[in-house]
Amino acid sequence: MTEISDRVPPPAPSVPPEQIKAIPVRHYGRWVAGVVIIGLLVLIGIAFSNAKINYSVIPDYLFDPGIVAGAWTTLYISVLAMVLGVVLGIVIAVMRLSSNPVTSTVAWFYIWFFRGTPVLVQLLLWYNIALVFPVLNLGFYKDEMNQVMTPVLTALLGLGLNEAAYMSEIVRAGIQSVDEGQTEASHALGMTQSKTLRRVVLPQAMRVIIPPTGNEFINMLKTSSLAYAVQLPELIKKATDISSTSLAVVEMYFVACIWYLFLTTVFSIVQYYVERRYARGSSRSLPPTPLQRMRKYLRMFGSFRRPEVAR
């Protein structure tokens, strides 16, 4: 008898599936919107090219000593007002979160008042406070209010106190974003309330606090132009003074716009790197830096180049 061996038949050759022909959807609306936007930009360019603006004057006054001094005044008054707003904002935020009804009510009233009134009105109130209190008498210091309330101090108080109301809400949101278990664990380890706030809560809340704080500072650079109303020699005041003698009114406002764009661009880049640093603990991959993006685009451009034919 012959043995019949059970053999497994070989598998049938796999047939690759037919390739799917993907037909992209045509978005005609995008093309129409692009054409309309380009047309509007062309019309705006033609309008400004035909306008009675002496563009050759703008480079001449861009680095004028008065303009540079005004830009410097704008920068340092913005920095000082922002520092005052951040420090006072942290204090008000802690007061707002306090279980003491007196401190929380005072903090709420402060935020309600300074957020509910315009910055210009607050600046004018500080500037004319000598009409209400002619003499400043602190016991150890006494002087006329007109001598004390200089344009620099007026701008610092008006901008800084107003900014503190907004910063307090930003800080409060950052503190409340930290899980309560972190505070409870810190107290279980024997840390006091203030030590827990400094070493546990605030470092974790910085990831939420930093982005809006950077936006507030950039906004402060532009809001400082309102100090023109209290005779502070900032950028707009200097540009207006020069335009009154040179009669280049619109041209000087273009000069001021260029300086504001320069300052805001520089601090936007600084804000980007600060946010990137504080995002290390929450993001798996950090966003690329501008240099990394540039290298990426250069590599992409190099890959599109035709390779040389070997001879």
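Visitor: Which residues does Ile111 touch, not counting those up to four places away in sequence?
Guide: A contact means heavy atoms within 4.5 Å. By that rule, Ile111 touches Ile92, Arg96, Gly116, Ala165, Ser168 and Glu169. Bear in mind that this is a predicted model, where local features need pLDDT of at least 70, side-chain atom pairs count only at pLDDT 80 or more, and totals for chains, interfaces and linings use all residues. Residues are numbered from 1 along each chain as its sequence is written, and side-chain values use heavy atoms, with hydrogens and water left out.

Visitor: Where does Ile111 lie, and is Ile111 buried or exposed?
Guide: Buried means under 20% relative accessible area, exposed means over 50%, and partly exposed is in between (1.4 Å probe, protein chains only). Ile111 is in helix α4, residues 101-116, and counts as buried at 3% relative accessibility. Helices are DSSP runs of H or I with at least four residues, strands are runs of E with at least two, and both are numbered from the N terminus.

Visitor: How many salt bridges does a search of the whole structure find?
Guide: A salt bridge is a side-chain nitrogen of Lys or Arg within 4 Å of a carboxyl oxygen of Asp or Glu. The search finds three. In one of them, Glu169 pairs with Arg96, and the closest N and O atoms are 3.0 Å apart. Glu169 lies in helix α7 (residues 151-176) and Arg96 in helix α3 (residues 65-97), so this pair ties together parts that are 73 residues apart in sequence.

Visitor: Which residues are linked in a network of salt bridges?
Guide: Arg96, Glu169 and Arg172 are. Glu169 also meets Arg172, at 2.8 Å from N to O. Glu169 is buried, with a relative accessible area of 17%, and Arg172 is buried too, at 18%. Arg96 counts as partly exposed, at 26%.

Visitor: How many residues apart are Glu169 and Arg172 in helix α7?
Guide: Here's the general idea: an α-helix has 3.6 residues a turn, so residues three or four places apart point the same way. In this case, Glu169 and Arg172 are three residues apart, about one turn of helix α7. Lys237 and Asp241 in helix α10 (residues 235-246) are four residues apart, again about one helical turn. Their side chains meet in a salt bridge, 3.0 Å from N to O. Lys237 counts as buried at 15% relative accessibility, while Asp241 is partly exposed at 35%.

Visitor: What does helix α9 span between its end C-alpha atoms?
Guide: The expected span of a helix is 1.5 Å times one less than its number of residues. For the 31 residues of α9 (residues 193-223), a straight helix would span 45 Å, but α9 spans only 36 Å.

Visitor: Where does α9 bend?
Guide: A bend at a residue is the angle between axes fitted to the seven residues ending there and the seven starting there. In α9, that angle is about 50° at Met206.

Visitor: And how many helices and strands are in the protein?
Guide: There are 12 helices and two strands. Going from the N terminus, the order is α-α-α-α-α-β-β-α-α-α-α-α-α-α. Of the 311 residues in the protein, 31% are buried.
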